[in-house]
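Here is a friendly walk through two interfaces, one inside a chain and one between chains. Have the coordinates open as you read along.

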Amino acid sequence: MASDCGMLSYILRRLLATIPVMAVVAIVVFSLLHLSPGDPAHVLAGDTATVEEVEALRLALGLERPFFERFAEWFLAVLSGDLGNSIFFGKSVSELIVQRAGPSIALSLLALLASLVLALPLGILAAWQAGRSLDRAAMGLAVIGFSLPVFVLGYILIFFFSVRLGWLPVQGYRPLDEGFWPFLRHLILPSLTLGIVYAALIARITRSAMLEVLGQDYMRTARAKGLGLAPMLLQHALKNAAVPIVTVVGIGFGMLISGVVVTETVFNIPGIGRLTVDAILRRDYPVIQGVVLVFSAVYVLVNLLVDLSYALFDPRIRY
Amino acid sequence: MSQAVSSAHVQAPPGAFGRIIRHPAIIAGSLILLVLVLAAIFAPWLGTTDPQRLSPLRRLRPPSATQWFGGDLIGRDLYSRTVYGARISLIVGLSVAVLSIGIGLVIGLLAGFVRWVDAVAMRIMDGMMAIPSILLAVALIALTGASLSNVIAAITVSEVPRVARLVRSVVISLKERPFVEAAVTVGTRFPALLWRHVLPNAMAPLLVQGSYIFASAVLIEAALSFIGAGTPPAIPSWGNMIAEGRVVFQIAPHIVLFPGIALAITVLSVNMIGDGLRDALDPRFEGR
């Protein structure tokens, strides 16, 4: 079919469009190290390295060669999955990141779920009751949620639900193969913490997107033909409001990633965020650089998926 | 992020000033912020002691009549540290907002008017915006070392692209407006064009964006200090205080809660001003 063909070429074009963005990300990340005042060999060898080790690394890096030649070499290595070696662990950075990915993926997915479950009803209710007290309360909550630092909220939740009430574990993480319930129990507070901040952002855009749709003629028609409130709000309005909501979910994903780093520290979750914080404390720059690249790639990928999802929500969008 | 999108084409309608000074959220937010600024300036005279002075008797003490917020892990007065901590957050917020708007304005104007700059600068900005802001700042601080000025610089670098994009979009939409075309046709010089037409139209969205950058810089500084990549531990910043209280959170939650609440109130007040400004400067957002 012609439209399928258009869709395919659109997907292909969007995929191709992410290449320059990722290339620029790589150039920015590479320049950080090579254009900053310090000596790259020294930074990459770490504080404990001997003079000989630094010299050996300087030779290996070929620092006297032109910038773009070194960049091209490094970039090709990155493309083949070689992100360099950790100073502290002596292992490859990609291996470390893959090892630590599980908890971070679980945390971000559950946080995303929590934020949607919180934000969509709140935003829909606020739009439906626009200008009334329910709306003001919901949007007041959203501004507060948006202003709460992730780690402060985390400690407040730990204080009430774990220390005072003793319902949930204070910290820690259990992998999924130790059973679903222990796994989930340890992730409830972290994903709520992260989800609430993200939810504030989504609730606000849900409300304004819903308001826009509710003012349309076809909504008046739907009401006039006696459609119930729930199908009207959910099927007609929400589906039409989906595009801006999904867009903000995508843009806000960067915030979620930053939040993962902080949340894993609060709850002692051994994910990529915790790896980053340990790397900061140990001055393990190759790990920091690798994490920045991987997280940025994830962010770009999520936004690619968001772009591709528009067609699902709005059949009028043809590519 | 979303604010950048939503404030993209805000223009000050007539009577905007009147709406600003009457807007409840702006009044409330400004009052809170004023109290915080006064507390930061007059910190030494607000019943505080030296925020660095150790007193073993105060270690982990809960709040009391003489030590309002109690003592921290090594026996420093938490109330004094919280009041002095306001200085760091406000300095970082203000510096980052001013610097990133200044730099972003220049890049955005150049990109809006000069085609080849547009192509190069905007690709770089896109790449930088794809790096989550805390991580970009972490990498920069890992390279340059932790100091207050490096923290400000690192957060500024991650905020500049948003401002540049915003200014560029204002310039590009203005270039197509009849009054600008007319001004160009009658031979208005470039500086006059900038001063009389472009900057006044960029003011409103930049004001909104600036307040959101302020709030986000305060949050990022605290998060950086919390994960150990921010202000040096010797400086009493709220993020540092929370990081120190982390290990004893279960027996002495007040060490985390007081700076945490101060942080949340600061960010909330600035966000209220930002939301209010957006409402007041753009009638499209009225009641939204």
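Between domain 1 of chain A and domain 2 of chain A, one residue pair is in polar contact, with both residues at pLDDT 80 or more; such a contact is a pair of N or O atoms within 3.5 Å, where within protein one must be able to donate a hydrogen and the other to accept it, and residues adjacent in sequence count only if both atoms are side-chain atoms. On the domain 1 side, α1, α2 (40-45) and α4 (67-79) of chain A each bring at least two residues that touch domain 2, and α1(A) gives the largest share, 13 residues. Helices are DSSP runs (H or I, at least four residues), numbered from the N terminus. That side divides into 15 nonpolar, one polar and two charged residues, where Ala, Val, Leu, Ile, Met, Phe, Trp, Tyr, Cys and Pro count as nonpolar, Asp, Glu, Lys and Arg as charged, and the others, Gly among them, as polar.

A word on conventions: this is a predicted model, in which local features need pLDDT of at least 70 and side-chain atom pairs count only at pLDDT 80 or more, while totals for chains, interfaces and linings use all residues. Residues are numbered from 1 along each chain as its sequence is written, chains are lettered from A in the order in which they are written, and side-chain values use heavy atoms, with hydrogens and water left out.

The domain assignment, automatic or from a database, gives domain 1 (2-79) and domain 2 (99-313) in chain A. Their C-alpha centres lie 31 Å apart. Arg14(A), Met22(A) and Val29(A) supply 30% of the area that domain 1 buries against domain 2, more than any other three residues.

Each interface has one salt bridge, meaning a side-chain nitrogen of Lys or Arg within 4 Å of a carboxyl oxygen of Asp or Glu. The table lists both pairs.

| Interface | Salt bridge | N to O distance |
|---|---|---|
| Domain 1 and domain 2 of chain A | Asp307(A) and Arg14(A) | 2.5 Å |

Now to the chains. Contact (heavy atoms within 4.5 Å) joins 54 residues of chain A to 48 residues of chain B. The two chains bury about 4,200 Å² between them, 78% of it on carbon and sulfur atoms; buried area is the accessible area (1.4 Å probe) that two parts lose on being put together, summed over both. Of the area that chain A buries here, Ser147(A), Phe151(A) and Tyr155(A) supply 15%, more than any other three residues.
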